[in-house]
Structures are given as structure tokens and as C-alpha cells.
Amino acid sequence: MERQAGYNTEQDGEDSHRRIVHVDMDAFYAAIEQRDFPEKYAGEPIAVGGTPPRGVVQTASYEARPYGVRSAQAAVEADRKCPDLIFVSPRMDVYKEESQSIRKILYSYTDLVEPLSLDEAYLDVTEPKKGPRSGTLIARRIRREIFEKTGLTASAGVGPSKFVAKVASDRDKPDGLTVVTPEEQMAFIAELPIEDFHGIGPVTAEKMKEMGIQAGKDLQKRPERELRKRFGKRGTHFKKLAMGEDDRPVKPNRERKSVGAERTFREDISDPEEMVRRLETIAEKVERRLQGAGPEGGPARGRTVTLKLKSHEHQISTRQTTLERAVSEKKELFALAERLLHRPRPPAEPVRLLGLSVSSLTSSTSRAGEQLELEFP
């Protein structure tokens with residue numbers, strides 16, 4: 001089923017504006033499990049990932065989400081919120097195979113495909129390989145082909161920039177399509193909550209709200225110099241997004257030097273055990289990003305793992321190790337992150353931010369079952 005919300009859904013003309021499509025699979029891992037095992041999971045609230053007490057939810061089905069179950073959530077919290085929740089062990093090999101099938105569909109329309117993870121990607125369809133020069137019609141065809149070939153649904157956003165297209169794809173999930181034309185983008189951005197802006201996390205959002213900035217329309221009215229004074233160079237970035245100035249290109253087959261994830265906390269963390277729990281969630285996110293970081297969206301691995309710490313006084317420090325072989329799996333990354341946190345000892349000061357990154361990347365398939373050796377030269 002196709003639902004289209006809020007903005008233009010007809011052909012977007014023959015003008016000179018870019019046509020960017022952001023395709024985002026709906027509850028990808030959970031949807032595959034429900035498709036493959038309907039007798040057990042169809043219509044049920046399921047969570048793919050680890051089980052309580054230390055596991056983390058990777059993906060929650062749409063039946064589980066009304067209870068407050070979400071990705072990157074501690075499994076014990078998800079279980080508490082939804083007592084009937086069914087935990088399902090992930091089958092990464094199956095998810096990767098489905099992702100490659102979907103990528104083939106995307107590449108049939110354009111070579112300008114920038115995968116972000118196994119389940120989402122940007123496409124620049126300004127000059128498509130086939131079909132009309134309409135982002136709307138191409139997004140419709142892509143979603144239809146994905147469903148016909150895999151039985152899975154995808155949501156899509158179409159816009160003149162990566163920022164607008166990505167936000168639009170989340171507007172009508174699941175199985176939705178939202179199109180924002182160049183003429184409509186300023187009004188679209190004006191109504192966005194400030195948390196929807198690229199680069200604005202919980203801490204920055206709170207600072208924005210202290211300034212009276214609740215939505216895009218408030219950001220549009222603020223002088224750039226005021227934003228730059230408060231947020232540095234990021235203030236200029238936020239202002240440009242608010243004014244529809246996002247010329248970032250879709251980068252196909254980009255050679256990435258590192259892949260990472262970090263989290264800024266609303267309250268500083270001083271308990272090392274709590275830091276470890278948060279690092280498990282971050283390691284899960286890094287693993288997912290590595291799956292699409294290789295050539296043509298394939299998997300990547302890395303030999304250098306870096307732990308980033310920012311104190312409550314904004315002092316940044318890093319701890320790093322380089323291994324004899326490359327790693328990519330969450331269990332490996334988490335083990336290394338925990339080891340780095342305690343070498344030589346946990347941070348003495350409370351931390352405001354934790355981050356984990358992998359560099360010295362190489363394109364490779366996952367070598368499941370290979371024993372991890374924790375080398376710390």
C-alpha cells in the first residue's frame with residue numbers, strides 16, 4: 001500500500017533542481033523475521049537483538065513501538081514496557097543478502113547511490129538511467145519493485161537536498177512516500193521540530209530551546225552571527241539547513257577513512273558500569289554502519305578501534321588500539337570498548353559523551369565464529 005502525506009506527490013517537473021530520494025526500509029530486521037516466520041511472528045510485537053538483562057534492541061516491529069519499544073534500547077527496559085514482547089536473535093547473513101538485493105534495484109535507476117546502512121540509502125535521480133526525470137515517480141517504482149521482489153515495504157522521501165529527503169522519508173512510516181518540492185521546502189523546514197535537524201542532539205536541542213528556538217521557523221528568523229556565537233561553526237550549518245541551503249552531494253562508492261558513533265548524555269555519567277552499558281548500544285550502531293561502509297554499500301572492517309571520552313568540563317580524550325586483524329562485529333567492538341575504558345582505569349571525571357570509531361578500514365565479508373584476540377600493543 002502506498003500512502004503519501006503532506007506535500008506534492010505528482011511529477012516534479014523538468015526544472016534544474018536536484019532530485020534526491022532517501023529510501024528507508026520499514027523495521028528491516030523485524031520485517032524479515034515476520035515475513036520468514038509468519039506462524040510465529042506475524043502481527044506480534046517482536047524485538048530483534050539481545051535478550052535481557054544485558055541485551056540491546058536492534059529493531060522493533062511496528063506492533064511493539066506503541067509500547068515505547070525502540071532500537072538501541074536496553075532489552076530489559078523494552079521487556080518492562082511490553083510484557084508480551086518476543087525477542088528474536090538476529091540473522092545478519094540473511095539481512096545482508098536482502099540488503100544486496102535491494103541495492104541492485106537502487107543501482108538500476110542511478111549510479112549515484114550512497115548507502116548509509118543495510119536498510120537505507122540516498123539516491124540522486126536528477127539524471128536517472130531509466131524512467132522519467134521525476135523523483136516522485138522513481139520513488140514509487142523503487143518501492144513497488146522492492147515489495148514485489150522481497151515482500152518488504154520501504155518508505156521514501158523526495159526533496160531537493162539530502163536533509164529534506166531524509167526527514168521526509170520518516171514522515172509517513174511505514175510504507176509511505178512524502179515529496180517536498182523546491183517551492184515547498186521552506187514551509188516544510190519551518191514546521192520541523194528542532195530535534196529533526198541534522199547535527200542537533202539532545203544537549204544542543206535543550207540549548208536551542210533555552211534561546212526560544214523550538215522549530216525550523218524560529219531558526220530561520222535568527223541571525224547567523226547569533227547562532228555562530230552560541231554554537232560556533234555548527235551555528236552556520238544549522239542556519240543553512242533552516243534556509244534550505246544543503247548542497248551536499250550523494251557520494252557513491254565513497255572511500256571512508258573511519259566509521260563511528262557517539263552519544264551525548266543529558267546527564268553526566270560517573271558510574272563505569274553505566275558507561276559500559278551505554279558503550280554496548282554505541283557498538284551496536286557502529287556495527288550497523290560498518291555493514292554499509294564498503295564499496296557499493298558492502299560490508300567493511302577495521303583494524304584500529306578508538307574510544308572517545310568527553311568530560312563534563314568538555315575535555316576530550318581518546319584511547320586507541322590497533323589489531324593484527326580487522327573487526328566489525330558488535331561483540332568484538334564492545335569487548336574492545338570495555339577494555340579500553342578500563343585501560344589504564346575508568347575515567348576519574350564524569351563523562352558527558354562516549355564515542356567509538358573504527359579506522360584502517362578494509363572491504364571484507366564478516367568472518368562469523370572467528371575467535372577475537374584482544375591485542376593491546
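Biologist: Is Ala72 buried, partly exposed or exposed?

Modeller: Keep in mind that this is a predicted model. Ala72 lies in the loop between β4 and α3 (75-81). Buried would need under 20% relative accessible area and exposed over 50%. Ala72 has 32% relative accessibility, so the class is partly exposed.

Biologist: What is the phi of Ala72, roughly?

Modeller: Most residues other than glycine have a negative phi. Ala72 isn't a glycine, yet its phi is positive, at about 70°.

Biologist: And Ser360, which element is that residue found in, and what is its phi near?

Modeller: Ser360 is partly exposed, with a relative accessible area of 38%. The element is strand β13. Ser360 isn't a glycine either, but its phi is positive, near 55°.

Biologist: Which residue does a cis peptide bond join to Pro52?

Modeller: Most peptide bonds are trans. Here the bond is cis, with omega about 10°.

Biologist: What is omega near for the peptide bond from Arg343 to Pro344?

Modeller: Pro344 is in the loop between α13 (330-341) and β13 (351-363). The bond from Arg343 to Pro344 is cis, with omega near 5°.

Biologist: Which residues form a positive surface patch?

Modeller: One of them is Arg289, placed in helix α12 (residues 272-291). Patch members need over 30% relative accessible area, and Arg289 has 32% relative accessibility, so it counts as partly exposed.

Technical notes: Residues are numbered from 1 along each chain as its sequence is written. This is a predicted model: local features need pLDDT of at least 70, side-chain atom pairs count only at pLDDT 80 or more; totals for chains, interfaces and linings use all residues. Side-chain values use heavy atoms; hydrogens and water are left out. Patches are made of residues with over 30% relative accessible area and no salt bridge: like charges are joined within 9 Å, nonpolar side chains (Val, Leu, Ile, Met, Phe, Trp, Tyr) within 5 Å. Accessible areas come from the Shrake-Rupley method with a 1.4 Å probe; for residues, only the protein chains shown count as cover. A salt bridge is a side-chain nitrogen of Lys or Arg within 4 Å of a carboxyl oxygen of Asp or Glu. Lys and Arg count as positive and Asp and Glu as negative; His and the chain ends are not counted. The place of a charge is taken as NZ of Lys, CZ of Arg, CG of Asp or CD of Glu. Helices (H or I, at least four residues) and strands (E, at least two) are DSSP runs, numbered from the N terminus. Buried means under 20% relative accessible area, exposed over 50%, partly exposed in between (1.4 Å probe, protein chains only).
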